[in-house]
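Me: I'm new to this one and would like to learn how to read it. Could you walk me through it?

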2 protein chains.
Amino acid sequence: MQIVAVQHVPEIRPGTNLSECLREAVHRSGWNLQPRDILAVTQKAVSKAEGRISRLGDVVPSAYSVSIARRVSKDPRLVEIILRESRRIVRLRGEVLICETHHGFICANAGVDESNVEGAESVTLLPKDPDRSARILARELGCGVIITDTFGRVWRDGLLDAAIGIGRVPAFLDFRGQTDPYGHRLRVTLLAAADALSAAAGLAMGKTAGTPAALIRGFDWEATDDTSAAAMLRPAERDLFL
Amino acid sequence: MQIVAVQHVPEIRPGTNLSECLREAVHRSGWNLQPRDILAVTQKAVSKAEGRISRLGDVVPSAYSVSIARRVSKDPRLVEIILRESRRIVRLRGEVLICETHHGFICANAGVDESNVEGAESVTLLPKDPDRSARILARELGCGVIITDTFGRVWRDGLLDAAIGIGRVPAFLDFRGQTDPYGHRLRVTLLAAADALSAAAGLAMGKTAGTPAALIRGFDWEATDDTSAAAMLRPAERDLFL
């Protein structure tokens with residue numbers, strides 16, 4: 001399996017034809033997309049193309065946002081935007097505001113992000129329906145697509161990229177019921193394939209190089225319509241760790 | 001970056017010279033280890049070579065283990081072994097027993113595992129000091145080494161491989177203080193590099209093929225003595241999500 005950052009992706013703006021842009025960048029990086037390739041694309045690139053950008057100056061914060069903003073030492077207008085993207089606040093601690101987004105992702109600032117956006121007072125929001133965005137990109141590009149974002153984890157330091165939208169690529173590799181070389185039946189081995197690919201792709205892309213996509217070639221997968229990042233979310237009542 | 005499963009690894013038994021075994025297998029897979037390569041090796045392979053195997057028949061369960069075993073429908077002797085490897089029980093739910101190991105890893109059954117072990121009544125324990133094991137392997141092999149194990153996560157379904165021992169390879173890629181192409185300073189971007197590599201390596205290895213190692217080539221890293229998987233563990237009092 002090869003994982004390489006895609007170079008030559010131009011500045012993406014609202015209305016940019018993202019799939020054309022990515023195909024061209026892959027081509028200029030010396031590759032041609034094949035049906036069994038997987039393109040990992042950052043949330044940031046997708047959000048920009050879809051116009052999911054808010055300007056702080058356009059927002060009037062509610063009294064609630066002002067009060068939360070004071071507790072976490074953030075701009076109240078930013079907090080207002082974050083709370084509009086949130087189903088609930090999961091944790092307030094120090095300057096950290098962890099929310100559950102309307103999609104069900106649990107992440108810092110509900111995925112609202114100031115980095116890698118043009119304009120000092122602009123922030124990106126997560127795509128409205130990242131699985132739909134990924135399916136459309138996959139159809140247009142004729143390959144697998146994973147839209148990634150960067151998440152903190154429980155119990156371990158450091159961030160990992162994970163899948164927030166999936167097109168064609170299975171979310172999981174399911175080894176349950178298969179037997180190991182000694183004849184033991186594997187009982188609970190459902191690998192989070194899309195997240196593992198996202199994590200490695202995030203590493204290949206880095207954070208500062210302006211490379212919002214990575215090409216994954218040589219991973220053994222079968223295309224499926226029955227896939228989504230939403231299906232990877234584990235409802236709290238089924239969570240074994242909480 | 002390329003990630004390929006290492007074929008031709010023979011059965012590993014207590015006393016097997018693991019580094020020799022792995023070097024030979026890499027060679028027979030058509031590669032030669034280079035200083036900038038990283039070899040991901042499963043906990044299972046390391047534990048077997050180090051003789052970290054327990055036989056259920058050798059264990060007399062305590063009354064406490066018998067009572068826990070009844071609650072989770074497990075063999076009391078297995079529970080006895082699990083609890084000996086544990087600092088505390090984190091969660092008991094259904095048939096799932098999640099423990100914090102003496103190293104500080106939080107995982108199902110304290111990492112005690114029945115799969116891919118010779119002998120019906122044998123289980124592997126995690127290596128005693130996986131960072132030390134990884135450092136020794138890295139020195140003997142002359143490359144980076146990550147010892148991996150498979151973990152469940154909070155909030156998301158599916159398992160991911162993560163680093164439990166690291167030799168030479170940095171645990172994190174630190175982008176903090178760097179600026180994005182728009183001049184924004186990145187504030188909290190510390191990527192869990194060793195975990196991302198572990199996750200992708202776990203995918204390349206699969207679970208049933210008897211391939212307990214993967215070669216990672218082309219990842220851009222600097223060798224360091226100041227690295228460990230232990231440093232990736234986040235103490236509960238610093239945990240933003242709990």
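**Reading salt bridges and a domain contact**

Reply: Let's start with a pair in chain B: B:D37 is buried, and B:R217 is buried too. Keep in mind that this is a predicted model.

Me: What do B:D37 and B:R217 form, and how far apart are the closest N and O atoms?

Reply: The general idea first: side chains of opposite charge can pair when their charged atoms come close. Here, B:D37 and B:R217 make a salt bridge, with 2.6 Å between the closest N and O atoms. The pair links distant parts of the chain, 180 residues apart: B:D37 sits in the loop between helix 1 and strand 2 of chain B, and B:R217 in strand 12 of chain B.

Me: Is B:E222, which meets B:R36 in a salt bridge, buried or exposed?

Reply: B:E222 counts as exposed because its relative accessibility is 59%, and the cut-off for exposed is over 50%. B:R36, at 40%, counts as partly exposed. Their N to O distance is 4.0 Å.

Me: Now the domains. What area is buried between domain 1 of chain A and domain 2 of chain A?

Reply: In general, the size of an interface is often given as the accessible area lost when the parts come together. Between domain 1 of chain A and domain 2 of chain A, that comes to about 1,100 Å², with carbon and sulfur atoms giving 49%. On the domain 1 side of chain A, A:K44, A:K48 and A:F151 lose the most area to domain 2 of chain A, together 38% of what that side buries.

Me: Which residue forms a salt bridge with A:K44?

Reply: A:D113 does, with the closest N and O atoms 3.0 Å apart. The count between domain 1 of chain A and domain 2 of chain A is one salt bridge, and six residue pairs there are in polar contact. Helix 2 of chain A supplies the largest share of the domain 1 side of chain A that touches domain 2 of chain A, four residues.

Definitions and conventions: Residues numbered from 1 in each chain as written. Chains lettered and ligands numbered in written order. Predicted model: local features only at pLDDT ≥ 70, side-chain atom pairs only at ≥ 80, totals over all residues. Heavy atoms only, no water. Buried area = accessible area lost by both parts, 1.4 Å probe. Salt bridge = Lys/Arg side-chain N within 4 Å of Asp/Glu carboxyl O. Polar contact = N/O pair within 3.5 Å; in protein donor to acceptor, adjacent residues only side chain to side chain. Helix = DSSP H or I, 4+ residues; strand = E, 2+ residues; numbered from the N terminus. Buried < 20%, exposed > 50% of the residue type's maximum accessible area, 1.4 Å probe, protein only.
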